Amino acid sequence: MKSNFHKPLVTHMYTADPSVHVFDGKIYIYPSHDLENEGLDDGKGDHFKMVDYHVFSMDDVGAPLVDHGQVLHVKDVPWAESRMWDCDAAGKNGKYYLYFPAHDKNGVFRLGVATSDKPSGPFKAEPNYIPGSYSIDPAIFTDSDNESYMYFGGLWGGQLECWQTGKFVPFGGAAGENGPKGDEPAMGPRYAKLSDDMLSFKHEPKEILILDENGAPIKASDNDRRFFEAPCVYKYTNGKYYMIYSTGDTHFIAYAESESPTGPFTYKGKVLEPVSGWTNHAYITEFKGKWYLFYHDCELSNGVTPLRNLKYTELEISRDGVITTVKP
Ligand code: FUB
């Protein structure tokens, strides 16, 4: 089959923030959907216009891509107002679940869930957001013991800084000024175990620690290595857990390793160098014994940040989990 690696995967619309799963032997892709917009980039994400989701599938690597159409729109989510940013999906109990962030009616990011009998949707949203949820970029990982975890969080427009006290405190000035500074530990992504019906959290979200090679928390000033947004966890064939995440304003996808799905994770290196456009966001999935990196850039829009397109490539990972950095 002809390789379509590093080429725009979806060309009839703008797609970003890939999440990828193998269901019934096929590759299912759950991206977010960028629309043209006049909003200003104020560090709070007003320049993104995102109101719905499409699901895509491929029978195999390099096979034609199928667009299953619009599977959820913000107008069909009772609690949500706008900003359907990065989503993820899971399959369990014979059902499929789409997890997504959105601003609620008060402009606060919450995480919702919608269900379907098919991985291709359409999905029906639950009436309320997941109690105790906040911020953006939900990613689901189900471990070999069948326990499912949601990882989430994003700085600046993703509002993670607003939750430092455990309650929502709105930003005063520019989004980037509100987090930890200098030698203070950087903020980590959050995780929560999902209930058996996959519709709620089993406990309040907890922070994931990301450590450096000496076992010290990565510092807030360590912009090349500290967490910014887009966490995604997978378990590799060596039995260890890996979290990848975006470093945000330094535009890397980094990875960190742990003995446990709840961390602490130790920083290991870079998965992906900066791509065209401001955001960098990726997902790693195994399919038929090979590992793939899905990501986005702005090739189709000639570098216009809120108009992104998905791409993917095969990833080189050594037996002990070391990733060869992808240079797009
Ligand atoms: O797509 C909107 C936001 O941009 C996502 O939630 C972030 O991860 C970044 O890709």
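Rings of Phe, Tyr and Trp (for Trp, the six-membered ring) form a pair if their centres lie within 6.5 Å; planes under 30 degrees apart count as stacked, over 60 as edge-to-face and the rest as tilted.

1. Basis. This is a predicted model, in which local features need pLDDT of at least 70 and side-chain atom pairs count only at pLDDT 80 or more, while totals for chains, interfaces and linings use all residues. Residues are numbered from 1 along each chain as its sequence is written, and side-chain values use heavy atoms, with hydrogens and water left out.

2. Aromatic pairs. By the criterion above, the structure holds 28 aromatic pairs. One of them is stacked, because the rings of Trp79 and Phe100 have centres 5.9 Å apart and planes at 10°. Trp79 lies in the loop between strand S6 (65-73) and strand S7 (80-82) and Phe100 in strand S9 (residues 95-104), so the pair ties together parts that are 21 residues apart in sequence. Strands here are DSSP runs (E, at least two residues), numbered from the N terminus.

3. A polar side-chain atom of Asp137 lies 2.6 Å from a ligand oxygen atom. For His281 the corresponding distance to a ligand oxygen is 2.7 Å, and for Arg308 it is 2.7 Å. The protein covers 99% of the 280 Å² of accessible area that the ligand has on its own (Shrake-Rupley method, 1.4 Å probe).

4. Backbone. Most residues other than glycine have a negative phi, and most peptide bonds are trans. The bond from Gly121 to Pro122 is cis, with omega near 0°; Pro122 is in the loop between strand S10 (109-116) and strand S11 (124-125). The bond from Gly263 to Pro264 is cis, with omega near -5°, and Pro264 lies in the loop between strand S19 (253-258) and strand S20 (265-272). Asn146, not a glycine, has a positive phi of about 75°.

Technical notes:
Polar contact = N/O pair within 3.5 Å; in protein donor to acceptor, adjacent residues only side chain to side chain. Helix = DSSP H or I, 4+ residues; strand = E, 2+ residues; numbered from the N terminus.
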